[in-house]
Amino acid sequence: MPPMGPLDLLNHLLNFAGPALLLACVLAFLAPVLMRSKAPARTRFAQAAINFIAGLLALLAGLVFFGRDGKMLSYAALVLAVASSQWWAQRR
């Protein structure tokens, strides 16, 4: 098996972070439509970044705990982490 090159590493990192990024952006941009209160972050991009960091931390915890990526429990933790981050931001 040949060693992993830089493009392979970039592909793996983007595929690891992709679900967190997509969920963070969708939730941050749909939150004003679905919720009445306004988030304390100045922009939707700032709220998406906060959600993205929370999602990445959840996925990273799943990777460390299970030893591999792609477990359904990791994705459930991703959804809970991003939703909790958005909820917490809405309440402040």
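Visitor: Why does Phe-29 count as partly exposed?
Guide: Its relative accessibility is 30%. Buried means under 20% relative accessible area, exposed over 50%, and partly exposed in between (1.4 Å probe, protein chains only). The 30% of Phe-29 falls in between, so Phe-29 counts as partly exposed. This is a predicted model: local features need pLDDT of at least 70, side-chain atom pairs count only at pLDDT 80 or more, and totals for chains, interfaces and linings use all residues. Residues are numbered from 1 along each chain as its sequence is written, and side-chain values use heavy atoms, without hydrogens and water.

Visitor: What makes Phe-29 and Phe-45 an aromatic pair?
Guide: Rings of Phe, Tyr and Trp (its six-membered ring) pair if their centres lie within 6.5 Å. Phe-29 and Phe-45 are 5.4 Å apart, centre to centre. Planes under 30 degrees apart count as stacked, over 60 as edge-to-face, and the rest as tilted. Here the planes are 75° apart, so the pair is edge-to-face.

Visitor: Which parts does this pair tie together?
Guide: Phe-29 lies in helix α1 and Phe-45 in helix α2, so the pair ties together parts 16 residues apart in sequence. Helices are DSSP runs (H or I, at least four residues), numbered from the N terminus. Phe-45, at 62% relative accessibility, counts as exposed.

Visitor: How many aromatic pairs does the rule give?
Guide: Two. Phe-65 and Phe-66 form an aromatic pair, at 5.0 Å centre to centre. Their planes are 80° apart, so this pair is edge-to-face by the rule. Phe-65 is exposed at 66%, and Phe-66 is partly exposed at 31%.

Visitor: How do you know that Lys-71 lies over the face of Phe-66?
Guide: A charge sits over a ring if NZ of Lys or CZ of Arg is within 6 Å of the ring centre and within 35 degrees of the ring normal. Lys-71 is at 5.9 Å from the ring centre of Phe-66 and lies over its face.

Visitor: At what angle do α1 and α2 pack?
Guide: About 145°, with axes 8 Å apart. Axes are lines fitted to C-alpha atoms over the stretch in contact, and angles run from 0 to 180 degrees between N-to-C directions. Contact means heavy atoms within 4.5 Å. Among the contact residues are Phe-16 and Phe-29 of α1, and Phe-45 and Gln-47 of α2.

Visitor: Is Gln-47 buried or exposed?
Guide: Gln-47 lies in helix α2. Its relative accessibility is 2%, so Gln-47 counts as buried.

Note on methods:
Helices (H or I, at least four residues) and strands (E, at least two) are DSSP runs, numbered from the N terminus.
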